[in-house]
Amino acid sequence: MSALPRNRWLILGAEGAAIIVSILLAFAIDAWWDQRGERRQEAALLQGLHADFQASQVHLERWLAGNRLVEDAISELLDNLRMADGGAPVTVSGRLILGALSSPTYSPTDSTLRAAMSSGKIELISSHDLRKELAAWDQLLADTSEDELIIRQILTQRLVPVLSTQLRLGYLLDFAPIVGFFMGESHPVIEQSFELRTDSELEAAVAQRLFHTRFVVQGLEDLHESQQRILRMLEPDSRVSL
């Protein structure tokens with residue numbers, strides 16, 4: 001009779017242990033399944049980022065080349081203005097005027113990154129280094145966009161008003177010559193000559209425009225380097241180590 005209670009407790013203990021093990025196993029399976037789902041989502045996210053940054057890299061290289069043309073033209077225009085005596089006329093090519101009037105804005109292909117950031121899915125990326133690089137790229141883009149905005153303000157509030165007193169800007173501000181100049185293509189306006197009267201207001205506006213253009217060029221160069229690092233980290237062969 002004394003053995004019956006002991007057997008009963010052994011049976012109850014075994015049943016309790018089995019229940020606990022089954023609960024823990026269920027939790028483990030759920031966690032494994034969730035983790036597997038997250039890894040699938042991460043793989044899809046990395047693939048989307050890779051496609052976007054590849055497209056952006058080609059676009060950025062063209063944009064950087066165009067902004068370097070703009071920087072060179074504005075720098076040459078400022079040199080011409082500074083070499084002339086105050087109030088004296090100076091003859092410059094349309095290339096320099098178009099450079100001063102160009103106001104390109106870089107817009108990357110980054111819909112995957114924007115969606116991941118807004119939804120919080122950026123945390124699915126298991127690589128801390130990749131998340132850090134993506135955050136740095138986003139900040140570089142914001143800084144460059146800020147300088148592009150300042151340039152547009154300089155154009156509308158200072159440079160265009162002062163130039164409009166000396167030149168008929170209607171056809172100079174047309175889409176075709178400005179885009180042609182920026183893309184390195186030929187256009188009749190580019191080789192045309194224009195006469196400007198030098199004054200402190202024009203020189204100051206061009207100098208301010210050049211100052212912020214150099215920040216944009218540097219920002220685009222930094223973006224290009226950052227994108228190259230991100231693309232290397234997103235290459236299929238590199239994702240194993242992410």
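Reader: Which helix gives the most to the lining of the largest pocket?

Author: In this predicted model, local features need pLDDT of at least 70 and side-chain atom pairs count only at pLDDT 80 or more, while totals for chains, interfaces and linings use all residues. Residues are numbered from 1 along each chain as its sequence is written, and side-chain values use heavy atoms, leaving out hydrogens and water. The most, four residues, comes from residues 175–182, helix α5.

Reader: How much space lies in the largest pocket?

Author: By class (Ala, Val, Leu, Ile, Met, Phe, Trp, Tyr, Cys and Pro nonpolar; Asp, Glu, Lys and Arg charged; the others, Gly among them, polar), its lining has 10 nonpolar, two polar and no charged residues. The space in this pocket (filled by probe spheres set on grid points joined across faces, edges and corners) is about 200 Å³.

Reader: Which element gives the largest share of the lining of the largest cavity?

Author: The whole structure has one cavity of 30 Å³ or more (a cavity is a set of points where a 1.4 Å probe fits but cannot get out), with about 60 Å³ of space. Its lining is N67, S102, S103, P104, E148, I151, R209, T213 and V216, of which three are nonpolar, four polar and two charged. Two elements give two or more residues to this lining, α4 and α7 (200–234). The largest share, three residues, is from α7.

Reader: How are α3 and α4 placed relative to each other?

Author: Helix α3 (residues 111–119) and helix α4 (residues 128–164) have axes that come within 12 Å and cross at roughly 110°. On the α3 side the contact (heavy atoms within 4.5 Å) is made by L113, R114 and M117, and on the α4 side by L134, W137, D138 and L141; these residues divide into five nonpolar, no polar and two charged. An angle of 65 to 115 degrees counts as roughly perpendicular, so the two helices are roughly perpendicular to each other.

Reader: Is S226 buried or exposed?

Author: S226 is in helix α7. Leaving aside residues up to four places away in sequence, S226 touches E133, W137 and L140. Its relative accessible area is 0%, and under 20% counts as buried, over 50% as exposed and in between as partly exposed (1.4 Å probe, protein chains only), so S226 is buried.

Reader: What distance separates the C-alpha atoms of S193 and G94?

Author: S193 is in strand β2 (residues 193–197) and is exposed, with a relative accessible area of 53%. Beyond four places away in sequence, S193 touches T91, V92 and S93. S193 and G94 are 99 residues apart along the chain, but their C-alpha atoms are separated by 5.8 Å.

Reader: What percentage of contacts between residues at least 6 apart in sequence join residues at least 24 apart?

Author: The protein chain has seven helices and two strands, running α-β-α-α-α-α-α-β-α from the N terminus on (DSSP runs of H or I, at least four residues, for helices and of E, at least two, for strands). Of its 242 residues, 38% count as buried. Among contacts between residues at least 6 apart in sequence, the share that joins residues at least 24 apart is 85%.

Conventions: 1 Å grid on protein atoms, 1.4 Å probe; cavity = no way out; pocket = protein on both sides within 12 Å on 5 of 7 lines; lining within 4 Å. Axes fitted to C-alpha atoms, helices over the stretch in contact; angles between N-to-C directions. Parallel < 35°, antiparallel > 145°, perpendicular 65-115°, else oblique.
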